[in-house]
Protein chains: 2
Amino acid sequence: MANRIIEKSENILVASHLHPDGDALGSTIAIGKGLEKKGKNVFLYNESLIPDMFSFLPGIKKIKNKIPDSAFFDSAIILDCSGLNRTGKSRKIIENIPKIINIDHHFTNTKFGTEKIIEPNACATAEIVYRLLKEWNITFCKEIAYSIYTGIFTDTGSFRFPNTNKKAFSICMEMLDYGVSPNIVASNIYGSYSVGKIKLVSKLLDSIEFSRNGKISMMVLKQEMLKYANVMDEDISEFINYAENINDVKLAVFIKEDKRGETPYYYVSLRSDGSVNTASIAASYGGGGHEYAAGFSSRLSFTQLRQELMSLADTI
Amino acid sequence: MANRIIEKSENILVASHLHPDGDALGSTIAIGKGLEKKGKNVFLYNESLIPDMFSFLPGIKKIKNKIPDSAFFDSAIILDCSGLNRTGKSRKIIENIPKIINIDHHFTNTKFGTEKIIEPNACATAEIVYRLLKEWNITFCKEIAYSIYTGIFTDTGSFRFPNTNKKAFSICMEMLDYGVSPNIVASNIYGSYSVGKIKLVSKLLDSIEFSRNGKISMMVLKQEMLKYANVMDEDISEFINYAENINDVKLAVFIKEDKRGETPYYYVSLRSDGSVNTASIAASYGGGGHEYAAGFSSRLSFTQLRQELMSLADTI
């Protein structure tokens with residue numbers, strides 16, 4: 001059914017979610033290249049700016065972050081989005097496209113769109129895209145191979161997460177035949193820290209404190225630490241992993257001070273080992289998320305916020 | 001030839017290198033189990049204590065750290081050792097065993113032993129062991145599968161290092177059929193830090209300094225840092241990755257002070273981005289390793305060692 005829509009379409013928009021990761025971008029480039037090889041006019045789109053770490057991907061520059069007012073599309077392919085709102089403000093434009101094909105592997109997918117290819121057992125949306133391209137008899141090339149490999153590599157956390165399945169290995173192995181160097185992907189994705197980021201991590205690790213029973217770890221990022229390390233907009237969200245992966249810790253809390261608004265406020269990330277429901281804690285502060293990973297914003301004072309969160313230790 | 005020695009042997013010692021990593025231990029357990037299945041009496045040996053992170057490996061408890069005085073062996077299989085001295089003080093015992101089979105993937109292997117199976121293109125010694133077990137028609141089981149998987153997983157740095165080849169993917173994928181959970185391996189290997197280890201990492205990151213041209217990064221572990229963090233024998237070798245993965249760094253140096261001997265000495269790990277041959281630097285200090293990862297011990301003073309290594313920056 002999705003294939004019939006694509007066959008009948010001349011102009012196709014391909015889009016993914018805000019703040020794109022390797023799977024969002026890899027899936028976009030790979031299916032875009034496949035459609036090109038089928039003779040379609042494609043427009044690859046992402047509302048956010050593309051992080052530098054993905055600039056090694058062949059074809060990355062084809063992804064634009066503005067849809068021209070004059071553009072007309074017969075159909076849209078939306079990748080790796082659990083809901084259409086994940087595409088950002090462009091949702092309003094996309095909703096007016098006659099046919100929408102929703103391709104995703106999130107269990108929580110809202111099943112939007114005209115046609116849906118939703119496979120929660122796929123390790124990445126790139127795994128689904130791989131199968132589609134095979135179905136279409138597309139000849140694979142370096143551009144497709146790097147995109148598919150990167151999608152699977154990043155969404156499985158370098159073959160470490162529970163979604164690492166046999167397909168992850170077999171597809172990635174096959175992509176090596178088309179010229180993918182695993183080390184080039186890895187060194188671009190995980191490879192490179194600035195000296196400032198190293199300094200910042202050192203400070204962050206130093207900031208970790210624990211509840212008395214050791215079940216909660218708390219890591220704090222203050223604006224002065226960013227100044228000290230001379231770091232502006234580096235992505236430091238991954239570093240909550242340090243606070244989470246400490247022996248006996250059930251709940252990791254990462255408090256980030258944010259001063260971009262008029263008054264200072266805090267953004268709190270929560271991660272649990274599975275025994276604490278982070279979504280319900282976040283919800284009680286007006287935030288949201290998943291059972292194992294959630295977040296919220298707060299205008300409480302740091303002292304009060306810290307105390308309230310630490311006091312959760314008695315209940316877990 | 002190696003096979004003939006094994007066929008004729010009744011009692012076989014299997015040993016690997018000091019401070020064992022996942023490949024040393026995985027290869028030891030896997031070939032040990034294979035030999036058992038061939039009806040041999042095996043004694044699995046490692047001179048160092050086994051790091052806790054490997055306690056999830058089925059069969060890990062079979063590895064003993066003392067060879068009984070009364071033991072007699074027809075042959076010894078030495079795994080993942082570039083030289084026989086890498087086995088430690090037990091070298092003296094091993095040298096008296098009638099036949100020694102040297103199985104390794106280090107480019108710098110000294111070719112010791114009666115028979116050698118040295119394959120520098122293998123991603124891990126576990127890859128060579130896998131092929132041997134197949135040649136022997138051994139029925140694979142969970143114990144062998146976890147050992148082979150862990151050997152390849154750790155030696156390729158979770159499929160990130162330049163030695164990540166197609167065999168790494170195909171063998172690991174096959175091991176899933178025998179019950180390996182990639183997430184269980186990953187969460188044991190990379191999963192859990194003690195509070196002390198977190199403190200130590202913070203200090204290590206703080207210690208990083210650079211050559212003037214930024215091409216060399218140097219990280220130093222002093223005994224006093226271990227005391228401060230109250231860490232004894234944690235495996236901290238992985239943290240050289242921080243020093244290596246800094247923008248523009250060609251060569252990362254990790255100097256570890258060791259005071260267990262009579263006089264203090266230093267163990268130096270080297271990692272390169274591929275543009276500097278670490279094996280030849282290590283060899284000039286009497287050490288060995290791979291092109292992009294090598295190491296050596298030194299009794300030079302810290303000041304001299306630091307100066308000599310930093311001066312390499314002018315040549316790279």
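Strands here are DSSP runs (E, at least two residues) and helices are runs of H or I with at least four residues, both numbered from the N terminus.

A quick word on conventions: residues count from 1 along each chain as its sequence is written, and chains are lettered from A in the order in which they are written. Because the model is predicted, local features need pLDDT of at least 70 and side-chain atom pairs count only at pLDDT 80 or more, while totals for chains, interfaces and linings use all residues; side-chain values use heavy atoms, without hydrogens and water.

**The sheet in chain B**

Strand β11 (residues 288-289) of chain B runs antiparallel to β12(B), with 2 bridges between them; two strands count as paired if DSSP finds at least two bridges. B:G289 has B:A294 as its bridge partner in β12(B). B:A294 also stands opposite B:L270. Strand β10 (residues 265-272) of chain B pairs with β12(B) too, in the antiparallel sense over 6 bridges.

Zoom out and you get an open sheet of 6 strands with mixed pairing, in the order β7-β8-β9-β10-β12-β11 (chain B). β7 (209-210) and β11 of chain B sit at the edges with a single partner strand each, so one side of each has no neighbour in the sheet. What about β12 (residues 293-298) of chain B: how many of its residues are buried? It's 5 of the 6, so the strand is largely enclosed by the rest of the structure. Buried means under 20% relative accessible area, exposed means over 50%, and partly exposed is in between (1.4 Å probe, protein chains only).

B:N137 isn't a glycine, yet its phi is positive, about 60 degrees. You'll find B:N137 in the loop between α4 (125-135) and α5 (142-155) of chain B, where it is exposed at 68% relative accessible area. B:F159 also has a positive phi, near 60 degrees, and belongs to the loop between α5 and α6 (166-176) of chain B. Is B:F159 buried or exposed? At 0% relative accessibility, it counts as buried.

**Cores and rings**

B:F159 is also among the residues with the most contacts inside the largest nonpolar core, which has 108 residues. Such a core is a set of buried Ala, Val, Leu, Ile, Met, Phe, Trp, Tyr and Cys residues joined through side-chain atoms within 4.5 Å. A second, separate core of 42 residues includes A:A243 and B:A252.

Across all chains there are 26 aromatic pairs. Rings of Phe, Tyr and Trp (its six-membered ring) pair if their centres lie within 6.5 Å; planes under 30 degrees apart are stacked, over 60 edge-to-face, and the rest tilted. Here are two edge-to-face pairs:

| Pair | Centre to centre | Angle between planes |
|---|---|---|
| A:F169 and B:Y149 | 6.2 Å | 90 degrees |
| B:F56 and B:Y146 | 6.3 Å | 80 degrees |

The pair of A:F169 and B:Y149 crosses between chains, from helix α6 (residues 166-176) of chain A to helix α5 of chain B. B:F56 lies in the loop between β2 (41-45) and β3 (63-64) of chain B and B:Y146 in helix α5, so their pair ties together parts 90 residues apart in sequence.
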